[in-house]
Amino acid sequence: MQLLDGKIISEKFKIKISEEVVAMRKNSGKQPHLAAVLVGNHGASETYVASKMKNCEIVGFKSTLIKLENKISEEELIKKILELNENNDIDGIIVQLPLPAHINPEKITECIDYRKDVDGFHPVNLGRMQRNLSSFIPATPYGIMLMLEEYGIKTEGRHCVVVGRSNIVGLPMSILMARDSNPGNCTVTLCHIYTPEVKLHTSQADILIVAVGKRNFITADMVKPGAVVIDVGINPEISRQTKTGYKLYGDVDFDKVSSKTSWITPVPGGVGPMTITALLKNTLLAAKQRLLYADEVSLMA
Ligand SMILES: Nc1nc2c(c(=O)[nH]1)N[C@@H](CN(C=O)c1ccc(C(=O)N[C@@H](CCC(=O)O)C(=O)O)cc1)CN2
């Protein structure tokens with residue numbers, strides 16, 4: 001078993017991004033700028049957004065955090081996003097998920113200018129991605145693709161099983177792995193938490209990607225010997241010893257599964273850091289596109 005180390009890979013990518021930012025600033029005076037909208041006081045979201053802002057600083061981006069109250073109306077939030085769309089200094093916009101229950105995330109996603117949608121959640125980006133056209137790819141699946149590429153994992157002709165069909169991870173992941181690309185060109189099965197006898201599918205996977213948000217969902221008997229296992233789950237649990245603080249667990253029973261695999265991601269330190277790095281790459285791309293095609297209607301080639 002070998003570890004797919006997201007921490008190491010993400011550091012390598014961040015060095016490359018920083019170098020590109022230095023060159024961009026020197027040649028054009030432009031500095032990529034990410035705006036993050038955080039609604040309410042969701043603890044984990046606050047941590048993730050803080051990490052995004054810190055990483056922007058590390059690679060030399062500008063960043064703006066817009067913190068809004070939990071009780072903000074959908075209309076007010078849309079108004080805020082439309083202002084960010086119009087702000088010429090901002091290249092990328094993200095709205096941290098989940099949103100409070102009274103706000104429809106689909107409606108919010110569609111309000112973001114797709115040319116600034118560095119989360120890649122807008123239907124235009126999803127459609128373009130499915131057609132293998134230039135687009136922003138959702139950060140977690142993009143981070144996984146970068147990791148597979150970096151470690152030289154062969155995907156072509158292999159059977160990839162994705163468990164979890166969310167719009168931000170499972171669904172786009174299944175599209176990317178099926179696309180005519182490298183990584184990609186897999187035979188893909190997309191399962192979800194209600195798929196009957198999910199083990200019948202997972203145990204046939206050469207590449208198993210799991211994003212269901214349930215600790216120990218994948219046990220050793222569900223994994224094919226020699227499989228590549230990518231664990232997207234982040235499940236915090238209070239430490240049993242200290243009863244204070246928490247430890248993070250994935251969706252895969254790492255201790256029992258890892259010895260059966262050829263490659264596996266740890267949690268933490270696997271997919272999570274790559275998610276942030278992929279967002280930085282998307283923001284840099286947005287800034288480059290805006291610089292190149294400042295007066296064009298469409299920014300995508
Ligand atoms: N607008 C978005 N909302 C959400 C996304 C997203 O891509 N865009 N994804 C997730 C959360 N997420 C990013 O926002 C995210 C999750 C985890 C990590 C990460 O670095 N995890 C670390 C552990 C961090 C910790 O100690 O808590 C790891 O796995 O090593 C980064 C980003 C939902 N919402």
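Modeller: Let us begin with a term: a residue is called buried when its relative accessible area is under 20%, exposed when that area is over 50%, and partly exposed in between. Please keep in mind that this is a predicted model.

Biologist: Why is Asn55 called buried?

Modeller: The relative accessible area of Asn55 is 7%. The limit for buried is under 20%, so Asn55 counts as buried. Asn55 belongs to helix α2. Leaving aside neighbours within four places in sequence, Asn55 touches Lys14, Ile276 and Leu280.

Biologist: How do you know that the chain is predicted with confidence, in terms of pLDDT?

Modeller: The pLDDT scale runs from 0 to 100. The mean for the protein chain is 95, and 96% of its residues reach 70 or more. The model also has an ipTM of 0.97 and a pTM of 0.96. Where pLDDT is low, the predicted coordinates should not be read in detail.

Biologist: What are the domains of the protein chain, and how far apart are their centres?

Modeller: The domain assignment gives domain 1 (28–112) and domain 2 (138–271). Their centres, taken over C-alpha atoms, are separated by 27 Å.

Biologist: Which domains contribute to the lining of the largest pocket?

Modeller: Domain 1 and domain 2 each give at least three residues to that lining. The largest pocket holds about 1300 Å³ of space and is lined by 50 residues. Tyr48, Thr140, Ile234, Gly272 and Thr275 lie nearest its centre.

Biologist: Which element supplies the largest share of the pocket lining?

Modeller: Helix α2 does, with nine residues. Among the elements that supply at least two residues each are α1 (6–28), α6 (139–150) and α10 (271–292).

Biologist: How do the lining residues of the largest pocket divide by type?

Modeller: There are 24 nonpolar, 18 polar and eight charged residues in that lining.

Biologist: Why is helix α7 described as largely enclosed?

Modeller: Seven of the nine residues of α7 (residues 170–178) are buried, so the helix is largely enclosed by the rest of the structure. Those buried residues are Gly170, Pro172, Met173, Ser174, Ile175, Leu176 and Met177. They pack against α5 (123–130), α6, β5 (159–163), β6 (187–191) and β7 (207–210).

Biologist: Is Gly120 buried or exposed?

Modeller: Its relative accessible area is 2%, and under 20% is required, so Gly120 is buried. Gly120 lies in the loop between α4 (105–111) and α5. Among its contacts beyond four places in sequence are Phe136, Ile137 and Pro138.

Biologist: Why is Asn185 called partly exposed, while Glu197 is called exposed?

Modeller: Asn185 has a relative accessible area of 27%, which falls between the limits of 20% and 50%, so Asn185 is partly exposed. Glu197 stands at 59%; exposed means over 50%, so Glu197 counts as exposed. Asn185 is placed in the loop between α7 and β6, and Glu197 in the loop between β6 and α8 (198–202).

Terms used
Residues numbered from 1 in each chain as written. Predicted model: local features only at pLDDT ≥ 70, side-chain atom pairs only at ≥ 80, totals over all residues. Heavy atoms only, no water. 1 Å grid on protein atoms, 1.4 Å probe; cavity = no way out; pocket = protein on both sides within 12 Å on 5 of 7 lines; lining within 4 Å. Points joined across faces, edges and corners; volume = space filled by probe spheres on them. Helix = DSSP H or I, 4+ residues; strand = E, 2+ residues; numbered from the N terminus. Nonpolar A, V, L, I, M, F, W, Y, C, P; charged D, E, K, R; others polar. Domains from an automatic or database assignment. Buried < 20%, exposed > 50% of the residue type's maximum accessible area, 1.4 Å probe, protein only. Contact = heavy atoms within 4.5 Å.
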